[in-house]
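Dear colleague,

Please find the structure below for your study.

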Amino acid sequence: MAPEKVQLSEEKATLLATLYGRALDARSRRPILGDDLAVEAVKKIDFDFRRTGMSPALGAAVALRDRFIDRWAAEYLATHPDATVLHLGCGLDTRFHRLAPPPTVRWYDVDYPDVIELRGRLFPERPGHRMIASSVTDLTWLEQVPDDVPALVVAEGLLYYLGPDDGRALLRAVVDRFPGGQFVFDAVNWLGIRLQKLNRPVRKAGATLRWGIDGPGELVAIHPRLRCVSAVSAFDMGGFDRLSAPHRISTWIAGALPGVKRSAMFYRLEF
Ligand SMILES: C[S@@+](CC[C@H](N)C(=O)[O-])C[C@H]1O[C@@H](n2cnc3c(N)ncnc32)[C@H](O)[C@@H]1O
């Protein structure tokens with residue numbers, strides 16, 4: 001197969017950084033996620049991945065974030081084996097392959113058309129798995145998804161790229177459409193937005209973080225059916241013993257500052 005040329009910019013280009021982070025982790029001596037498909041995908045893409053600004057240390061952090069979100073998603077699917085999964089801003093993440101959901105689960109990977117086109121060439125659809133090529137903010141994409149069973153919405157590395165009004169409208173539309181479900185995602189607060197220039201992969205991609213979420217109260221106010229099940233700081237996601245000593249120490253110091261600790265969060269909302 002000829003190498004895939006990519007022409008992605010801004011928030012779309014950030015998917016190359018997270019993909020490369022997973023590949024670096026998989027190639028490390030003690031992988032956290034061990035996503036060998038990411039290594040294969042990187043080999044097939046004609047791009048100098050060093051331009052993403054991703055390092056082995058940052059790759060380990062990406063792998064820890066993926067693993068954390070995988071666990072929450074797996075917990076939901078264990079009790080809702082008939083759920084529909086909406087994997088929003090999927091990029092080139094192989095979460096479907098990692099979680100290997102039962103055949104009763106309908107899984108939708110959603111991202112921009114050019115991302116889905118690339119994704120389809122690297123990771124073709126499988127039984128129970130479909131891709132939707134659309135911006136998540138053009139809410140008509142939801143009409144392609146049956147609304148008869150609960151929905152697990154997984155959005156990793158996505159919501160901060162949306163405008164706040166668009167993000168809130170997306171959450172509202174999902175809650176209105178499905179009989180129940182869960183949202184699992186990571187978010188930054190307004191300090192995270194102000195500090196975004198310190199995030200090398202985001203800076204290198206030329207992406208802009210827009211939506212800062214200052215706590216669960218802001219999220220549950222979006223819809224009366226929403227309630228917060230978990231709000232966990234990224235500094236508490238665990239697994240830091242797998243980081244190099246300098247990275248572990250800097251993470252520990254940053255996490256000891258209360259403002260910084262809340263700047264990157266994982267949320268699990270139920271409806
Ligand atoms: C940081 S990457 C994360 C990709 C993937 N979730 C991962 O963890 O590797 C951000 C992703 O969000 C997607 N994205 C950003 N804004 C979007 C939008 N409005 N609609 C659909 N996808 C969007 C980008 O195309 C990109 O794939």
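Predicted model: local features only at pLDDT ≥ 70, side-chain atom pairs only at ≥ 80, totals over all residues.

Residues are numbered from 1 along each chain as its sequence is written, and side-chain values use heavy atoms, with hydrogens and water left out.

The ligand

The ligand is surrounded by 20 residues, the closest being Thr-18, Arg-22, Gly-89, Asp-111 and Val-136; a residue belongs here if one of its heavy atoms lies within 4 Å of the ligand. Helices (H or I, at least four residues) and strands (E, at least two) are DSSP runs, numbered from the N terminus.

An oxygen atom of the ligand lies 2.7 Å from an N or O atom in the side chain of Asp-111. For the side chain of Arg-22, the corresponding distance from a ligand oxygen atom to an N or O atom is 2.9 Å. A nitrogen atom of the ligand is 2.9 Å from a polar backbone atom of Glu-156. Taken alone, the ligand exposes 590 Å², and the protein buries 98% of that (Shrake-Rupley method, 1.4 Å probe).

The nonpolar cores

A nonpolar core is a set of buried Ala, Val, Leu, Ile, Met, Phe, Trp, Tyr and Cys residues joined through side-chain atoms within 4.5 Å. Buried means under 20% relative accessible area, exposed over 50%, and partly exposed in between (1.4 Å probe, protein chains only). The largest core has 33 residues, of which Leu-86, Leu-88, Trp-141, Leu-159, Phe-183 and Phe-185 touch the most other members. Helix H6 (164–177) and strand S7 (181–188) are among the elements that each supply at least two residues, and H6 gives the most, with 5. Apart from this core lies another, of 32 residues, including Leu-19 and Tyr-20.

Which residue of strand S7 deserves a look? Gln-182 is in that strand and is buried, with a relative accessible area of 6%. Glu-10, in helix H1 (residues 10–26), has a positive phi near 50° although it is not glycine; at 43% relative accessibility, Glu-10 is partly exposed. Ala-100 also has a positive phi, near 40°, and is exposed at 55%.

With kind regards

Notes:
Polar contact = N/O pair within 3.5 Å; in protein donor to acceptor, adjacent residues only side chain to side chain.
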